[in-house]
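Welcome! Take a moment to look over the sequence and the structure below, and then we will walk through a few of its features together.

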Amino acid sequence: MLKSFLSKIKFVTAVCLFLAVANDGLCQKVFQPKQVDMTSKGILYKTEKAFDLRVHTNGFAVAMNLGTIQNYYTTKYYQIELGYMKDPREKRQNKNFNLPRLGNSSDYVFGKQNTMFVLRGGMGYKKYLSEKTRRRGVAVGYSWEAGPSIALVRPYY
């Protein structure tokens with residue numbers, strides 16, 4: 001019994017030693033990274049898409065931008081936006097009255113007559129004045145946009 005136990009220990013030790021030597025040979029490979037060319041401007045795409053979610057004090061908006069890149073520093077884009085706007089004079093009230101046979105009262109906005117959604121479309125340009133560095137860089141530029149806005153009004157009550 002002791003002989004079989006010792007032979008099993010010798011076998012396991014031999015297998016572990018073989019795996020350690022084989023693994024050590026595989027781990028000693030030298031990896032040569034690709035050299036980065038700092039003079040190139042990077043990859044230049046033809047189109048770009050961007051989605052925006054804006055939250056402001058009078059509501060929120062969701063927008064989609066589709067742009068065509070003209071050169072490395074200039075982009076022409078089209079934007080469509082749908083937003084919700086509220087009047088700053090609106091005051092939400094919640095009285096929670098327990099009315100017999102009708103249940104609890106729901107909250108309402110005192111003085112509100114309409115709910116307004118804004119649909120905006122526009123065309124604009126982005127112009128970068130500087131180049132963004134490869135690591136932790138900031139690009140400086142400006143953009144401008146022009147287009148119509150349409151307000152869609154829905155009665156509140």
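## A pocket to start with

Please keep in mind that this is a predicted model. Our tour begins at the second largest pocket, whose volume is about 230 Å³. A total of 14 residues line this pocket, and those nearest its centre are Asp87, Glu90, Lys112, Gln113 and Asn114.

Which strands supply at least two residues each to the lining of the second largest pocket? They are strand E3, covering residues 74-85, and strand E8, covering residues 114-128. E8 gives the most, with 3 residues. Sorted by class, the lining of this pocket holds 5 nonpolar, 4 polar and 5 charged residues.

## Aromatic pairs

Next, let us turn to the rings. The structure contains 4 aromatic pairs. Phe117, with a relative accessible area of 30%, is partly exposed.

A tilted pair is also formed by Tyr125 and Trp144, with 5.3 Å from centre to centre and 40° between the planes. This pair, too, links distant parts of the chain: Tyr125 belongs to strand E8 and Trp144 to strand E9 (residues 141-146), 19 residues apart. Are these two residues buried or partly exposed? Tyr125 is partly exposed at 25% relative accessibility, and Trp144 is partly exposed at 45%.

## A ring cluster and a glycine

Ring pairs also join Phe60, Tyr84 and Phe117 into a cluster. Two of these names come back when we look at Gly83, which touches Phe60 and Phe117. Leaving aside residues up to four places away in sequence, Gly83 also touches Ala61, Met116 and Val118.

Where is Gly83 found? Gly83 sits in strand E3, and with 3% relative accessibility it counts as buried. Arg54 is 29 residues from Gly83 along the chain, and the C-alpha atoms of the two are separated by 8.7 Å.

Note on methods:
Residues numbered from 1 in each chain as written. Predicted model: local features only at pLDDT ≥ 70, side-chain atom pairs only at ≥ 80, totals over all residues. Heavy atoms only, no water. 1 Å grid on protein atoms, 1.4 Å probe; cavity = no way out; pocket = protein on both sides within 12 Å on 5 of 7 lines; lining within 4 Å. Points joined across faces, edges and corners; volume = space filled by probe spheres on them. Helix = DSSP H or I, 4+ residues; strand = E, 2+ residues; numbered from the N terminus. Nonpolar A, V, L, I, M, F, W, Y, C, P; charged D, E, K, R; others polar. Phe/Tyr/Trp six-rings, centres within 6.5 Å; stacked < 30°, edge-to-face > 60°. Buried < 20%, exposed > 50% of the residue type's maximum accessible area, 1.4 Å probe, protein only. Contact = heavy atoms within 4.5 Å.
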